Amino acid sequence: MEAIAAWREGVPYDELGARFGFLDLAGFTGALAAGEPTAAQWAGLLSSAYHRGQWNLLRRLHADAVLRNAFPTMTHRAVRLRVDPMDGTSRQVLVHEPDEGRYEFVRVGAPGATWTEVPDDALTAHLRAALYE
């Protein structure tokens with residue numbers, strides 16, 4: 001909790017690493033310095049054996065030129081796409097594939113938001129609209 005508090009207070013990454021030896025910030029800070037945290041995050045998820053069950057969905061989302069600009073994370077086998085990689089409150093969606101070829105998504109934080117099933121051929125259009133319109 002102290003590390004999180006320090007990060008939120010704006011403590012520089014090199015100082016965080018020195019104070020909290022368990023943090024491995026090399027890859028993340030390198031991606032930030034290069035202006036590529038989203039690309040690095042996609043690469044990590046697409047190569048992680050832990051997320052093998054979601055690779056088809058991850059590949060499909062990453063293949064879309066617009067959606068690949070959203071910052072991806074995984075939670076409970078759902079992909080979270082966020083507009084701003086450094087702002088957890090920025091516009092975001094959760095999408096998952098309960099059965100092969102069947103998708104559901106929800107716009108996180110939207111009033112009255114509920115999981116909505118979308119047809120396979122309309123998935124990217126719905127996600128783009130939820131994130132960017």
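The model is predicted, so local features require pLDDT of at least 70 and side-chain atom pairs count only at pLDDT 80 or more, while totals for chains, interfaces and linings use all residues. Residues are numbered from 1 along each chain as its sequence is written, and side-chain values use heavy atoms, with hydrogens and water left out.

**Overall make-up**

The chain contains six helices and five strands; helices (H or I, at least four residues) and strands (E, at least two) are DSSP runs, numbered from the N terminus. Read from the N terminus, the order of elements is α-α-α-α-α-β-β-β-β-β-α. Along the principal axes, the C-alpha atoms fill a box of roughly 50 × 35 × 25 Å.

Of the 133 residues in the chain, 35% are buried. Buried denotes under 20% relative accessible area, exposed over 50%, and partly exposed in between (1.4 Å probe, protein chains only). The accessible surface of the chain is about 8100 Å², and 52% of that surface belongs to carbon and sulfur atoms. Accessible areas come from the Shrake-Rupley method with a 1.4 Å probe, and for residues only the protein chains shown count as cover. Among contacts (heavy atoms within 4.5 Å) between residues at least 6 apart in sequence, 34% join residues at least 24 apart.

Strand β2 covers residues 78-82, and five of its five residues are buried, so the strand is largely enclosed by the rest of the structure. A78, R80 and R82 point one way from β2, whereas V79 and L81 point the other way. Strands pair if DSSP finds at least two bridges between them. On this basis β2 pairs with β1 in the antiparallel sense over five bridges, and T73 has R80 of β2 as its bridge partner. These two strands, β1 and β2, form a hairpin with two residues between them, and H76 in the turn has a positive phi of about 50°. β2 also pairs in the antiparallel sense with strand β3 (residues 92-99), over four bridges; here the bridge partner of R82 is Q92 in β3.

| Residue | Relative accessible area | Class |
|---|---|---|
| D64 | 11% | buried |
| Q54 | 11% | buried |
| T75 | 22% | partly exposed |

D64 lies in the loop between α5 (55-63) and β1 (71-75). Its side chain reaches the backbone nitrogen of L67 at 2.8 Å. Leaving aside neighbours within four places in sequence, D64 is in contact with T124 and R128.

Q54 is located in the loop between α4 (37-47) and α5. Residues up to four places away in sequence not being counted, Q54 touches M74 and R77. Q54 and A78 are 24 residues apart in sequence, and their C-alpha atoms are 7.9 Å apart in space.

T75 belongs to strand β1. The side chains of T75 and H76 are joined by a polar contact of 3.0 Å. A polar contact is a pair of N or O atoms within 3.5 Å; within protein, one must be able to donate a hydrogen and the other to accept it, and residues adjacent in sequence count only if both atoms are side-chain atoms. T75 also touches R80 and L94, not counting residues up to four places away in sequence. From C-alpha to C-alpha, T75 and V95 are 9.9 Å apart, with a sequence separation of 20 residues.
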